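Here is a briefing on one multi-chain model. Keep the structure open while you read.

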Amino acid sequence: MANFTKLSFKKGELNQKLADLFKGMMEKGVVDALLAPMIQPKRGVMLTLVTDPSLVGAIDPFAPVVPVNGARIASSITGKPSGRKTAMVLRSCEIRALVELCKLKQAHLDDVLLIGMDCLGRYENLDFIKLRAEGQSSEAFIEKALAGNTESGGCDVSGACKICEFPVADNVDLRLCIIGTGSDALYIESLTPKGDKALETAGLGIGEAPAGREAAVQQLVKKRKDACDAAFAQYRESTPSVDALEDRLANCINCYNCRVACPVCYCKECVFVTDTFRHNGDQYMGWADTFGTLKMPTDTIFYHLTRMSHMSLFCVGCGQCTSACPNSIDLMPMFKAVAQKTQARFDYQAGRSHEEKQPLTVFENDELVEVTGQIK
Amino acid sequence: MSEFEPKIVGFFCNWCTFTAADLAGTSRLSYPHNIKIIRMMCSGMVDPKYVIKAFLNGADGVLIGGCWPGDCHYINGNLKARRRVAMLTEILKEYGIDEKRFWLRWIAASEGTMLREVVNEMTAKLKELGPSPLNRETPGKKTPGNETPEKVNPEKVKMIG
Amino acid sequence: MAEKKPTGTVLVAGAGVSGIKAAIELAEIGYKVLLTDASPQIGGILAKLDNQFPTDHCGMCRMLPLVGREYASQYCMRKGLYHENIEILPFTELKSVEGDAGNYTIELLQKARYIDTDKCNGLGECIKVCPVEVGDEFNHGLTKRKAVYKPVPHNTPQMLLIDMAACTKCGECVKVCPTNVINLEAEDELSTRQVHAIILASGVKLYNLEEFEDAKSWAVSPDVVSSLAFERIISGSGTFDGTIKRPSDGKAAKKIAWIQCMGSRNRRQKRDYCSSICCMFALKEAVLAKEKGGDDVETTIFYMDMRTFGKDFYQYYEKAVDEHGVKLIRCRVQGVMLNPDKSLSMRYFDSETQEFFVVDYDMVVLSTGQVPYETHKKLADLLHVAINAQGLLPTDPYEKVKLIKPGMFLCGSLMGLTDLSEAISSGIAAAGQVSRFLSGIDVTLLEEEEIPEPTAKDRDEPLISIVLCKCSEKAKESSVDFNALGAGLKKLNSVGEVNIIDMVCSDEGKQTVLDLLSKSKCNRLLIGACHPFMYRKSLKNLAKKAGFSASLFEIIDLSSIVHKGFFESETKDQTRLAYNEIRAVIENLKLKPALHVETLPINPAALVVGGGIAGMHAAFSLAQRGVKVHLVEKSDTLGGYAGTKIEHTIDGLTPISMAKDLTIKVLEHKHITLYKNCEVVATQGSLGAFETKIRDLAKEENFYLNHGAAIIATGGHEGVTAEYEYGNSDQILTQAELKDGLTTGEIDVGEAETIVMIQCVGSRQKDGREYCSRICCIGAIANALTIKEKNPEARVFILYRDVMTYGFAEQYYTQARLAGIIFVSYSLENKPKVELKDGSPVITFTEPVLNSEMQLSPDYLILSTGVDAEASNRDVGKAFSLPVNGDGFFVEADSKWRPVEFLKVGLYVAGVAHSPMTLKDAILQAEAAAHKTYAYLSGRKIHTAHVISKVHHAICVKCQRCVDICPYGARSYDEVLDRIIVDGATCQACGMCGVACQNNAAEIMGFSDKQIMAVIDARLYRDPVATTAQ
């Protein structure tokens, strides 16, 4: 059954169209506020919370950049709900992380109209600023990316995006579709009663699905999956052991930026910066004694492995960890590869559904017997 | 250079496996002395951090001993432990720490013999596997605290009674 | 200035589970307890059982105290029991009792062990050299032991003794004893003690093959074993380390048969009772046999009635049959014959198929039941009371645990025929009765220990004082060089001083230590001694006197490291071994925070929900001890179902008049406030500080009650049914309606020819009441007998599935059969059919013996519709957030070990709210629930433990994973404070929250990651193996 609304636009008017759309929604009271990527005078494009309809003009959701994973932003806005209806325009990786944060009671979607957008990838922040300076527009990027080429002026979208199997966002009320819709149109798909209601109130009709969207999406997903498998194969070969992991992390300075940027690392403060890991001098000496030398800061591998045990079940592979590393360590494959294994063990997939319970919160008397292999 | 002696860290539940250990002790069931027991109140209390640390510190194996399902003093801590072990195994495997090095076993208080068998079996298995890739203790290297405290004449220490 | 009152002291004679439970309960509230047992060990029968249904595992440790849990041992109870207020005297007999209520002089005869167990290191060099071999009682003679032996394999410390009957006095043991503690000339010691109350818990004998003439005929082969012996065969510490083999030749036993009612339900042998426990025992053993022996094991139980009457018994029975494929055959087995190939042939008549069968088995287990009477006569003489008509000790008609002689009580299977959970409740109830009794006489409680706050010194940089007892040096096998050890430890960071002392346990030893420590600059203390748990208290006091905080004090068991060769019996270098063990402890002690305990604010008032007999009894029991009670009853009358509907019971009780008396007591008591027409709406808070919203149904308004604890006694009522045409004919009645009619005379059976009763109507079936209501069979028999009295000519048929006349009720079953009442069994698959012919019932059923259809047109058709839970239980459950099972009864903390408690501390259950039960059992539970409540409301300080879960709010994100994962519901999210809060009394420091919380915002103080990781370091980096590998 089809519930798509076509939004045709002339070249260069996509953002204008979208601005009108959301302006309308706000004025018609569909929502009181909007959270969406917007052009910031000096800071490129950032998620922005708008409550004045007249100011949505700067909206630019398809700008290929995600300075901060939006799940964190959504969490800060809804962790203690304001009670005001808010539309949030986010990408798949942000929404999947958000689903996990909801399960962890860090976000609440009751007042939220969740709008997912097709994602063709994001550039690292600095690359994006550079490309913008060279005059690349979101539309230009979309056109190029849909044609299968994301490389531009020596920059390419992040590694995480290249292997992301979720260009299309699920668990949303509305979807802004640009894949397989033809270059002059954007389609708004409604997936929930909440979405239908929104479209209706916004005075938008219901129409057919764009021909060829499905095929286009599938093709893109397939491409990314293959890329993913290849990447993992390559990664696992290059990093089969803790030794190899140490090489990979040779330049880690224990700044913990990776967990600060990680949308599902939801602790206020990481255990590794709490007193638990504030050791006494004689302890350091003791460790040093053992081999005569001790690399400082300590506990680097310990930190990364522990982090895996904490977040790998929720990891959505958004790649913010890699983007955040000041020493350009490519952390994403490290965590995503493990996540693939741990999530598979419990037939769980981070962000797949609100209903699925997180693996470590449920347990049965007669499950996982293979772990001990004992039957009385 | 004598045969490789694996180091096993045993996180034992106070209510079952730890007692089984005592039982084995009192019944003089001889053990390979490779296992280093750390008493936990419950197998469900074993944080993944402990296991990771044990391996990073060069343990060749880690054995968690808990109560049989239904037997847990704290109702279901052992079931929670089992899920965590499954998760952690996946992570360790990914970085070359064989799952044969990381065991969870149900051992009731009265199963001293089983405990001995488990420890023997694990030791044998680890001898096959050889030292853990993270066991970097270069054999022969003298590590402080390892040496027997040298003999001293009684005058040096305060003696009473 | 009055002279000092004596400390209330109680003798508990018998250290089986019920005796232990009673002792613990009394110790918790501050009485001094002497716990004796005639056998050389404690634990009674349970010491031999690894498995109890429904979990098919142990769980004994769940009976350890929660009030002040640090004063008791915190390890597997099979190792033993330790409590500061309990003096345990095994191998001790009660010789005489003189004096009056509240002031008894008793003589105790401590039998000689010939070994000084305080000094014995428990390693049993003596056992190795002892030349004498006899059958080991612990394994029922299936294994051999020496004349000098360990009574229980898992006890620590090992309490060795010499069996003088077997000993040849060759003296070999004396020669090899390293600690020189064997005295073959030792003698029994008679001592006199003063006690204020006495609890008898000497338990019950089990029918055994050696002793009883009529049993001998069955013992045709060693492969015919008693059910208890079979427990040893499947035990991990048993005869074959838990593999199922037949004793004769150690061949795997694949076909195993159980024969029920061995020595019970046998009039000829004057054993006209049902042992009550054997059916579940056999079911459990059959299930375990399959689990441990593999799927190819075939288990068959030959029975007369499957008496699965207790809570959740029937579900277990279904599981055993449906899931595990245990085979059940209803018949009387005629005998067992030994075949040449050692297999056993059994000949039986199958009443269902009407044929004789002969089947071979590898092994036959005789379900040998409890044998009451045995000890009663002896005890009665001892106590100067006369045994009652049943040959048992004379007790109060309603209160099983109360002897007619004031100040004397009993519990456990001595009461009659008891299962595990009743043994436990009776232990608690007996303790309750004692505390009621002692609160009326002039005795004091043991002084409450003052727990000092941590001092500034405690918070200083850690500096550890180490005291090592070198008495073990004398032990030949110990090669520890204490000087070297001390010197080594002294070098360690934050070790302040090392003192090596001889015989810390001796008085002069203690004095020396005290003198030393009083001068010490250190703020943490580590004492290494042998068997520390034996004198933990004195060491603890010593540390306290010397000014060390309890949380910064560790005792380590040098003997377990050094003597026992804890895992390292092969290691030559015991000095290094000890060094490494102690070092790990030091690392931990170094990082221990100075912990302080919280004293919980306790509102000394109780809320009792339900004004039935159970509720009223609990309320009165508490009020008598000075506890303020709010009694809430939803109807406008007290008494509940039994107290308003049942005139008299078959065992001569008169519930209605009993309830009347109780009502007056309750109404008159100044401590009890009654709220009629009121129901519970919601409650909040935790132990000591609950606030409950009450709805006054009459006034239609709400009010609040504040209380420290609550007892749920909401009761139940006769079940309802639409089966068998009920309601469509005035000739079809329920048992209760019949009983009423017969008492009031409205129903005249004088002319009646035929009366048919159908049992288990809507009961014991998946889609109905999935449980046995316990009282219907007895009720039916009572009515049937009344009918026979009024009209001997009347034919009375009782159609039953299993006649649940367990315990002494069996004799009513016998009586009924003698009175000519006809019992006809039917199966769930083939229920009787009832149809109406011109308004009168016609019933069709199969007569199994003749195996033919029978049709009757009775004057009355009586339906036993069982007992239903109160519908309101679900709401009450919601109000207190307590679990309610599928049948609408409350779910207790543990069906065996915590029968009247809920997991949340401060909430208790009693009576039919728990499950259907007889009046006496309901009163027993009420007494128990009241005592559990009293333990917290008695006015003594209630402290949290030192080691307990805390929240670091600054770094807590309130994801509430800890709340979801806490098995006790001790954690909750307070929306007003926007914080996670911990109920300090309920928290058992299991550490689940600590692991669930990823950044240690939830932490077990005193058991922190920091400490454990330091221990891991110590364990690995200082590994002796590494250097031996050179």
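A salt bridge here is a side-chain nitrogen of Lys or Arg within 4 Å of a carboxyl oxygen of Asp or Glu. By that rule, three salt bridges cross the interface of chain C and chain A. The model is predicted.

**Confidence in chain A**

- Chain A has a mean pLDDT of 93.
- In chain A, 99% of the residues reach 70 or more.
- Helix α3 of chain A (residues 92-103) has the highest confidence in the chain, at 98.
- Helix α11 of chain A (residues 281-291) has the lowest, at a mean of 82.
- Where pLDDT is low, predicted coordinates should not be read in detail.

**Where chain C meets chain A**

- On the chain C side, 30 residues are in contact with 29 residues of chain A.
- The two chains bury about 2500 Å² between them. Carbon and sulfur atoms give 53% of that area.
- Eleven residue pairs are in polar contact between chain C and chain A, counting pairs with both residues at pLDDT 80 or more.
- Four elements of chain C each give two or more residues to the side that touches chain A: α6 (278-293), α15 (574-591), α24 (961-965) and α26 (1009-1021).
- Helix α26(C) gives the largest share of that side, with six residues.
- By residue type, the side of chain C that touches chain A has 13 charged, ten nonpolar and seven polar residues.

**A salt bridge between chains**

- C:Asp978 and A:Lys80 form a salt bridge, with the closest N and O atoms 3.3 Å apart.
- C:Asp978 is in the loop between β46 (971-974) and β47 (979-982) of chain C. A:Lys80 is in the loop between α2 (70-78) and β4 (86-90) of chain A.
- Are the two partners buried or exposed? C:Asp978 is buried, because its relative accessible area is 17% and the cut-off for buried is under 20%. A:Lys80 is exposed, because its relative accessible area is 56% and the cut-off for exposed is over 50%.

**Salt bridges within chain C**

- The structure holds 76 salt bridges over all chains. Two within chain C are picked out here, C:Arg330 with C:Asp802 and C:Lys904 with C:Asp983.
- C:Arg330 and C:Asp802 meet at 3.2 Å, N to O. C:Arg330 lies in strand β16 of chain C (residues 327-330), and C:Asp802 lies in the loop between β37 (795-800) and α21 (810-818) of chain C, so the pair ties together parts that are 472 residues apart in sequence.
- C:Arg330 and C:Asp802 are both buried.
- C:Lys904 and C:Asp983 have their closest N and O atoms 2.9 Å apart. C:Lys904 lies in the loop between α22 (873-880) and β44 (907-909) of chain C, and C:Asp983 in the loop between β47 and α25 (992-996) of chain C, so this pair ties together parts that are 79 residues apart in sequence.
- C:Lys904 and C:Asp983 are both buried as well.
- Shared partners join salt bridges into one network of C:Arg265, C:Asp305, C:Arg307, C:Arg330, C:Arg764, C:Asp802 and C:Glu810.

**C:Asp1009, in contact with three chains**

- C:Asp1009 is found in helix α26 of chain C. C:Asp1009 is buried, at 6% relative accessible area.
- Beyond its neighbours within four places in sequence, which residues is C:Asp1009 in contact with? They are A:Thr276, B:Asp47, B:Lys49, B:Tyr50, C:Asn1000 and C:Glu1003.

**Two buried residues of chain A**

- A:Asn3 sits in the segment before β1 (4-8) of chain A. A:Asn3 is buried, with a relative accessible area of 8%.
- The A:Asn3 side chain reaches the backbone oxygen of A:Ser190 at 2.9 Å.
- Not counting residues up to four places away in sequence, A:Asn3 touches A:Ile188, A:Glu189, A:Ser190, A:Asp196, A:Ile206 and A:Gly207.
- A:Ala185 is in strand β7 of chain A (residues 185-190). A:Ala185 counts as buried, at 2% relative accessibility.
- Leaving aside neighbours within four places in sequence, A:Ala185 is in contact with A:Lys6, A:Leu7, A:Ser8 and A:Phe9.
- A:Ala185 and A:Tyr123 are 62 residues apart in sequence and 24 Å apart in space, C-alpha to C-alpha.

Methods. Residues are numbered from 1 along each chain as its sequence is written. Chains are lettered from A and ligands numbered from 1 in the order in which they are written. Side-chain values use heavy atoms; hydrogens and water are left out. Contact means heavy atoms within 4.5 Å. Buried area is the accessible area (1.4 Å probe) that two parts lose on being put together, summed over both. A polar contact is a pair of N or O atoms within 3.5 Å; within protein, one must be able to donate a hydrogen and the other to accept it, and residues adjacent in sequence count only if both atoms are side-chain atoms. Ala, Val, Leu, Ile, Met, Phe, Trp, Tyr, Cys and Pro count as nonpolar, Asp, Glu, Lys and Arg as charged, and the others, Gly among them, as polar. pLDDT is the predictor's confidence in each residue, from 0 to 100. Buried means under 20% relative accessible area, exposed over 50%, partly exposed in between (1.4 Å probe, protein chains only).
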